[in-house]
Amino acid sequence: MDGGDGTVRLGALNLKAGRGLDLDPDVSVSSPVTRQKAAAAKQFIENHYKNYLQGLQERKERRRALQRRAEEAKVSSEEQEEMMRNLERRETEYMRLQRRKVGIDDFEQLTVIGKGAFGEVRLCRAKSTGEIFAMKKLKKSEMLSRGQVEHVRSERNLLAEVDSRCIVKLFYSFQDSDFLYLIMEYLPGGDIMTLLMREDILSEDVARFYVAESILAIHSIHQHNYIHRDIKPDNLILDKNGHLKLSDFGLCKPLDDKYSTILLEDENLTSQDTNEAEVQSGSARPPWLMPKEQLQQWKRNRRALAYSTVGTLDYMAPEVLLKKGYGMECDWWSLGAIMYEMLIGYPPFCSDDPRITCRKIVNWRTCLKFPEEPKISPEAKDLICHLLCDVETRLGTRGVEELKAHPWFKGVPWEKLYEIEAAYKPTVTGDLDTQNFEKFPEIDGPPSSIPEVGPWRKMLTSKDNNFIGFTFKKSDVVKSLESSGTDMRSNGPSKVPSIVSLLGRIDLQETVMPEGDQEQET
């Protein structure tokens, strides 16, 4: 229809000469559902091209590295051409492997080893290779109803971005209509909470080793501008050799720069009512120290509390509880509380009433006490007091080096911690051994074996728009191009694999790796 002003109107669209296409402000495409789908599609496209450009850059770097290696070795032009053709064949095979979709039907679900407010962690086996992983399974409806979408997105992003020997490795993430899945390495040694429940207290030598490895783990995520915000014994996991890795990044938060702060005006990390007036109140009955009977009850209930929707406040910094601005230094407070528990037998501010715990933490100046037994060294006490203190004087606030330089760590081989023998070696009898984890009954029956993964277009229901971009597949060119059976492990952070490493480990005349080998652990 032609309007009086020369506008041609087609439904809700206005076409004006020389101006192209205009949209009425009340047009249906501005509905919330459409905007949500548009945002989801935008994120999907951005992720796709970001990954494409990154892969293109890495392929160029590998080609240049191979050319440099060939020139240094002074190989003939014919040999150089053959090397380049072989590289191109392997790059093509690698890209084909990367395009293969991974879903829940690629894994056999086994024993449950952990449960939380939003899902469970279960042992699983890759059907194509038999390799064992830990599968974290989160219910989408629970994540949405409890406002956890940003948290799970941050966890996935951190695991995909940070490749460190101190962090639990993520191999795949994917989703179906009801659940989100994170496929991670399985660490059979249990967590530090299990170790503390068995041993009650640790010697200073053992505690020193694990506090030192915790420092390296926390620093590795701080280097990528993330705060963990939930450092506690059950998030410090041991591998089969007893070395520690940091896990559970559901509360992690990215920072724009190292010294920025986060204001918690609209965010609540706990289910507790922790308003400032109440936690600063001194109305709780003294003394602050719990009677022995209550301490024993707290220890008996601690595992159940860890799995509850409430969680534990024992390791949270006062600036977090008061919902004020805070930064990376809150993780060092949490480490101080864990160190106290390792040496004393219980957290410094524990109580069977979470409100009392909050009051103790905020009033730490009067509530931080050291019992006469067990006795700890003056250096250990000094370190704890310089972690459980004001942000301004807290060790780690000005960098990790001031923590490493503390006298309690004298003699610690920081650069070789993950190469030396661990202070404690857990009992592990095989790949499927779960003795270091709590046993859980299969209340809901055996897991379904029906594949539920479909094309991404099919996934664009209203609740799935929130999880666009969740899918991840660990990129490891060296692993994908190498011949099977070669040990390619590296404890350092991964970089773009150069052809120097490829040529040192790959027979150029070998056939490409079978498709099933793509899921083997690096």
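Visitor: Which residues does His-228 touch, not counting residues up to four places away in sequence?

Guide: Happy to show you! This is a predicted model, in which local features need pLDDT of at least 70 and side-chain atom pairs count only at pLDDT 80 or more, while totals for chains, interfaces and linings use all residues. Residues are numbered from 1 along each chain as its sequence is written, and side-chain values use heavy atoms, with hydrogens and water left out.

Leaving aside residues up to four places away in sequence, His-228 touches Ile-221, Asn-235, Leu-246, Ser-247, Asp-248, Phe-249, Leu-251, Cys-252 and Asp-331; contact here means heavy atoms within 4.5 Å. You will find His-228 in the loop between β9 (226–227) and β10 (236–238), where strands are DSSP runs of E with at least two residues, and helices are runs of H or I with at least four, numbered from the N terminus. His-228 has a relative accessible area of 0%, so it counts as buried (under 20% relative accessible area, with a 1.4 Å probe and protein chains only).

Now follow the side chain of His-228: it reaches the backbone oxygen of Ser-247 at 3.1 Å. The C-alpha atoms of His-228 and Ser-247 are separated by 9.4 Å, and the two residues are 19 apart along the chain. A polar atom of the His-228 side chain also lies 3.5 Å from the backbone nitrogen of Ile-231.

Phe-249, one of the residues that His-228 touches, leads us to Glu-155: a polar atom of the Glu-155 side chain lies 3.3 Å from the backbone nitrogen of Phe-249. Glu-155 sits in helix α4 (residues 149–161) and is buried too, at 2% relative accessibility.

Notes. Buried means under 20% relative accessible area, exposed over 50%, partly exposed in between (1.4 Å probe, protein chains only). A polar contact is a pair of N or O atoms within 3.5 Å; within protein, one must be able to donate a hydrogen and the other to accept it, and residues adjacent in sequence count only if both atoms are side-chain atoms.
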